[in-house]
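Grab a pencil and work through these exercises one at a time. Try each task yourself before you read its solution.

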Amino acid sequence: MKPSLIVHGGAWDIPDEAVDACKAGCLEALGKGWKILAGGGHAVDAIEAAIVVLEDAPVFDAGFGSHLNAEGKVECDAIVMDGATLRAGAAAGLQRVKNPIRAARAIYEHCRHMMLIADGAEKFAKENGVPLCQPEELVSEAEWEAYLRCSQDEHAAEHHRGHEQGTVGAVAIDKEGRLFSATSTGGTCCKLPGRVGDSPLIGCGCYADAEAGGVSCTGYGEALMKIVMAKTAVDFLRQTQICVDSPAGASCSASTAQVAAREAVHLLARRTHGTGGLILLDRDGNPGFAFNTPRMAYGYVALDGNFVTAV
Ligand code: ASP
């Protein structure tokens with residue numbers, strides 16, 4: 001099967017001055033992931049490599065440069081999900097893991113549970129070869145300044161102006177047809193300590209089912225959770241595919257991936273009045289994306305092999 005890869009760097013009001021850095025991050029993530037897929041490598045290695053690039057780039061809200069909580073601390077969440085088995089590995093409330101996706105993968109591969117939080121997740125990650133760091137190592141100067149402005153005044157979007165950032169995500173299918181999705185985030189800025197959003201929750205911020213497709217979401221977690229957005233998008237994929245598969249479905253559009261992505265965002269807006277976006281691959285590797293925020297950073301490998309990035 002032909003491999004496929006799509007990544008995102010969050011859906012928000014990305015300011016003009018951050019556009020180039022967002023595109024460059026997506027491009028580098030595609031490059032790292034695609035090298036693995038094009039060489040016949042495993043989809044889980046490809047999404048881990050792509051997400052690590054995005055976590056390390058301070059322009060995104062994941063790993064280093066994550067938003068700080070109301071006490072000035074980073075708390076990261078991440079998940080990886082396997083479309084063949086429906087098994088996931090998820091971690092929430094991480095303060096000492098430089099690349100939270102690695103903790104999620106360790107849980108996916110080695111844990112009898114599917115989700116661990118805080119100290120327990122960090123301990124498990126360390127025992128399974130994921131190095132820990134000092135919490136301060138995840139704090140970027142720009143986020144610290146935004147935090148100070150918010151604490152001296154009150155939390156407000158303009159205090160973050162110039163470095164609004166987004167959650168990151170990736171979906172990949174490899175040559176063997178293995179489908180994986182992943183999402184990693186620092187959550188929302190000035191969140192209460194202990195707050196967990198949609199991102200690490202199966203079905204909310206991430207979902208993968210090889211029968212239909214894989215999804216990674218971004219946006220206002222408290223809204224995305226209400227419609228279980230990633231699973232909802234996969235269900236839309238399933239419906240549109242049934243439509244195309246059936247003899248009576250001749251009038252259905254072939255671009256089922258785009259249709260499903262848009263339907264999920266419409267539902268988010270209609271039922272929650274929330275904002276966000278998502279990326280997906282359908283079971284055949286066709287990319288789809290949609291958002292109702294002013295912008296979303298994303299990139300995918302087109303059919304002709306070219307890397308497409310956009311903000
Ligand atoms: N969905 C994330 C959260 O609510 C934030 C984001 O996507 O930027 O934690």
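## Charges and ground rules

The protein chain carries 27 positive and 39 negative side chains, with the centres of the two sets 4 Å apart. Here Lys and Arg count as positive and Asp and Glu as negative, while His and the chain ends are not counted; each charge is placed at NZ of Lys, CZ of Arg, CG of Asp or CD of Glu. This is a predicted model, so local features need pLDDT of at least 70 and side-chain atom pairs count only at pLDDT 80 or more, while totals for chains, interfaces and linings use all residues. Residues are numbered from 1 along each chain as its sequence is written, and side-chain values use heavy atoms, with hydrogens and water left out.

## Exercise 1: the whole chain

Describe the overall build of the protein chain.

*Solution.* 
- Step 1: Start with the parts list: 8 helices and 12 strands. Helices (H or I, at least four residues) and strands (E, at least two) are DSSP runs, numbered from the N terminus.
- Step 2: Check the radius of gyration, which is taken over C-alpha atoms; the globule rule is 2.2 Å times the number of residues to the power 0.38. For 311 residues a compact globule would come out near 19 Å, and the protein chain's 18 Å agrees with that.
- Step 3: Look at the extent of the C-alpha trace, which spans about 60 × 40 × 35 Å along its principal axes.
- Step 4: Ask how much is tucked away: 58% of the 311 residues are buried. Buried means under 20% relative accessible area, exposed over 50%, and partly exposed in between (1.4 Å probe, protein chains only).
- Step 5: Turn to the contacts (heavy atoms within 4.5 Å). Of those with a separation of 6 or more, 69% are between residues 24 or more positions apart.
- Step 6: Finish with the surface: the protein chain exposes about 12500 Å², and carbon and sulfur atoms supply 54% of it. Such areas come from the Shrake-Rupley method with a 1.4 Å probe, and for residues only the protein chains shown count as cover.

## Exercise 2: salt bridges

Which residues does arginine 238 pair with in salt bridges?

*Solution.* 
- Step 1: One partner is aspartate 209, at 2.8 Å from N to O. That pair links distant parts of the chain, with aspartate 209 in strand β7 (residues 206-209) and arginine 238 in helix α7 (residues 229-245), 29 residues apart.
- Step 2: Another partner is glutamate 211, with the closest N and O atoms 3.3 Å apart. Glutamate 211 sits in the loop between β7 and β8 (213-219), 27 residues from arginine 238.
- Step 3: Compare their surroundings. Aspartate 209 is buried at 9% relative accessibility, arginine 238 is partly exposed at 25%, and glutamate 211 is exposed at 56%.

*Solution.* 
- Step 1: Arginine 96 and glutamate 122 meet through their side chains at 2.8 Å, N to O.
- Step 2: Glutamate 122 is buried, with a relative accessible area of 2%, whereas arginine 96 is partly exposed at 33%.

## Exercise 3: positive phi

What is the phi of leucine 86, and what is the phi of alanine 118?

*Solution.* 
- Step 1: Recall the background: most residues other than glycine have a negative phi.
- Step 2: Leucine 86 has a positive phi of about 65 degrees. Leucine 86 lies in the loop between β2 (76-82) and β3 and is partly exposed at 35% relative accessibility.
- Step 3: Alanine 118 has a positive phi too, near 45 degrees. Its place is in helix α4, and alanine 118 is partly exposed at 28%.

## Exercise 4: strand neighbours

Is aspartate 282 buried or exposed, and what does it touch?

*Solution.* 
- Step 1: Locate aspartate 282 in strand β9 (residues 276-282).
- Step 2: At 2% relative accessibility, aspartate 282 is buried.
- Step 3: Leaving aside neighbours within four places in sequence, its contacts include Ile173, Leu237 and Thr256.

Key: A salt bridge is a side-chain nitrogen of Lys or Arg within 4 Å of a carboxyl oxygen of Asp or Glu.
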